[in-house]
Amino acid sequence: MPSSTRATTATPGTPAREFPLFGALPTEIRLAIWRQCLPNRIVELDIPEANICNGPVRTLCKLFFTTRQNRAPPAITRVCREARAVALEHGCEFDSSSLSSRSGGDQDWEDFEAPNLVVGPWFQPGRDIAHLHWSDFYDGYFYMDQTGDPVPFLQAVAAKGAGASIMAELLYRFDDDEFSEHLAACLSTDTLEFLPRCRDYLVTITMVNIHVPYDNGLRSGLFGLLGDEPIQLVDPSDSAAITAFHNLWAEHGCQGDVDVAGFFDVALGSDKTLTRRIQQWCKHLEKLWVWHEWIELKDDEGFPTDDEIWLPPMAQEGSGNAAPLPELSSLWKVDIRIRDHNMGNWWVAKVVANMPTFRPRIMFRLCGKQCYEE
Ligand SMILES: [Zn+2]
């Protein structure tokens with residue numbers, strides 16, 4: 001066998017680091033291997049602002065370094081002509097003019113334009129998940145003179161991709177333990193009108209920035225096969241995955257990121273605090289959804305009475321000694337802090353059944369910069 005076609009340069013018992021026979025494989029096998037190397041990305045449509053979307057885990061991360069990595073063409077575009085051709089077959093720089101018709105039926109939408117939009121992110125139709133960081137908080141922060149509505153824009157991109165992903169702030173923030181008045185205001189009327197057009201959303205309840213050298217992030221395999229998926233959405237019930245991110249951070253990360261440490265303490269703690277808080281968040285979201293629908297219809301003729309829709313007030317814990325709840329604006333009509341929706345009522349059951357599915361996720365982001373030192 002000529003030396004150039006030797007199968008491996010590894011010594012017995014050591015993993016091979018080279019495979020010189022790759023070029024001798026049949027073309028279809030090589031192409032299948034390149035396809036396996038393509039990333040599955042969470043494609044950001046807009047650049048996140050740490051002061052807004054960071055949820056309960058504060059960070060000094062600038063965030064846009066990760067955004068820049070995440071918008072770049074896949075790693076295999078820089079390997080050889082054949083690999084690049086495979087990448088180009090499956091994706092390209094995103095251009096909103098490639099989206100389907102903007103008129104007709106309830107799919108009307110306009111180009112969403114805002115100063116923090118990501119320009120030309122790499123997008124693989126049918127493969128990538130479209131993610132929107134935007135919430136009402138962004139309007140005030142950027143003093144946006146924006147056009148279009150961001151949620152229908154997200155939906156139009158998600159329809160070409162593999163799904164839609166949003167931030168909890170679009171519904172209501174995750175970091176407030178108590179169900180308070182200002183939280184409900186986050187679920188704006190416009191958002192409520194548009195959200196049901198999509199049946200399923202991933203919802204980032206918190207963002208966790210892992211500051212480790214890129215090489216370590218890449219070799220961990222947690223950010224894609226070739227390290228070109230620097231944004232990951234993880235199911236909060238997947239403790240094995242969260243443990244793996246923790247181990248990477250504990251071994252190579254910046255221990256000065258005390259809030260990241262705090263996140264892992266809560267997420268991996270034996271008392272299931274995170275699970276409990278997520279269950280409460282989901283319950284509150286459902287109640288808010290019902291409330292918004294109810295407030296629109298409650299005065300219609302023949303509509304069920306308030307006491308049919310809302311269960312009797314719950315006793316406050318330790319009500320003998322507890323401070324009274326702050327007064328609620330009369331706009332609320334009922335105090336939903338102490339009244340649950342009645343799932344035994346036909347109308348409530350219908351509203352809940354028609355709600356889109358919101359799946360809580362933790363967003364892990366790989367940042368190889370030392371943002372915390374600046
Ligand atoms: Zn950073």
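Me: Which residue is the bridge partner of Ala130 in E5?

Reply: Strands (E, at least two residues) and helices (H or I, at least four) are DSSP runs, numbered from the N terminus. Two strands pair if DSSP finds at least two bridges between them. Here Ala130 has Ala164 of E5 as its partner. Strand E4 (residues 129-131) and strand E5 (residues 164-167) are paired over 2 bridges, in the parallel sense. Two notes on reading: residues are numbered from 1 along each chain as its sequence is written. This is a predicted model, in which local features need pLDDT of at least 70, side-chain atom pairs count only at pLDDT 80 or more, and totals for chains, interfaces and linings use all residues.

Me: What is the order of the strands in the open sheet?

Reply: The sheet has 6 strands in the order E1-E4-E5-E6-E8-E7, and its pairing is mixed. Strand E1 (42-44) and strand E7 (231-234) are the edges, each pairing on one side only. On average, neighbouring strands are turned by 35 degrees against each other, direction ignored.

Me: How many bridges join E6 to E8?

Reply: E6 and E8 run parallel and are joined by 11 bridges. Asp200 is partnered by Thr357 of E8, and Thr204 stands opposite Arg361 of E8. On the E5 side, E6 pairs with E5 over 4 bridges, also parallel, and Met167 has Thr204 as its partner in E6. E7 and E8 are antiparallel, with 4 bridges; Val234 is partnered there by Ile362 of E8.

Me: Why is E8 said to be largely enclosed by the rest of the structure?

Reply: Burial is a count of neighbours: a residue is buried if 20 or more other C-beta atoms lie within 10 Å of its own, exposed if 12 or fewer, and partly exposed in between, with C-beta atoms placed from the backbone. In E8, 9 of the 11 residues are buried, so this strand is largely enclosed. E6 is mostly covered as well, with 10 of its 12 residues buried. Over the protein chain of 374 residues, 33% count as buried.

Me: Which strands does helix H3 lie across?

Reply: Two residues are in contact if their C-beta atoms, placed from the backbone, lie within 7 Å. Angles run from 0 to 180 degrees between N-to-C directions, and axes are lines fitted to C-alpha atoms, for helices over the stretch in contact. Helix H3 (residues 64-71) lies across E1, E7 and strand E8 (357-367), at about 100 degrees to E8. Helix H10 (residues 239-252) also packs on the sheet, where it touches strand E6 (200-211), E7 and E8. The direction of H10 makes about 20 degrees with that of E6.

Me: At what angle do H12 and H14 pack?

Reply: Helix H12 (residues 273-297) and helix H14 (residues 346-354) pack at about 115 degrees, with axes 10 Å apart. The contact takes in Glu286, Trp289, Val290 and Glu293 from H12, and Val348, Val351 and Val352 from H14. By class, 5 of these residues are nonpolar, none polar and 2 charged. Here Ala, Val, Leu, Ile, Met, Phe, Trp, Tyr, Cys and Pro count as nonpolar, Asp, Glu, Lys and Arg as charged, and the others, Gly among them, as polar.

Me: What pLDDT does the protein chain average?

Reply: pLDDT is the predictor's confidence in each residue, from 0 to 100. The chain averages 85, and 84% of the residues score at least 70. Residues 1-7 are below 50, and this stretch has 7 contacts in the model beyond near neighbours in sequence. The chain holds 14 helices and 8 strands.
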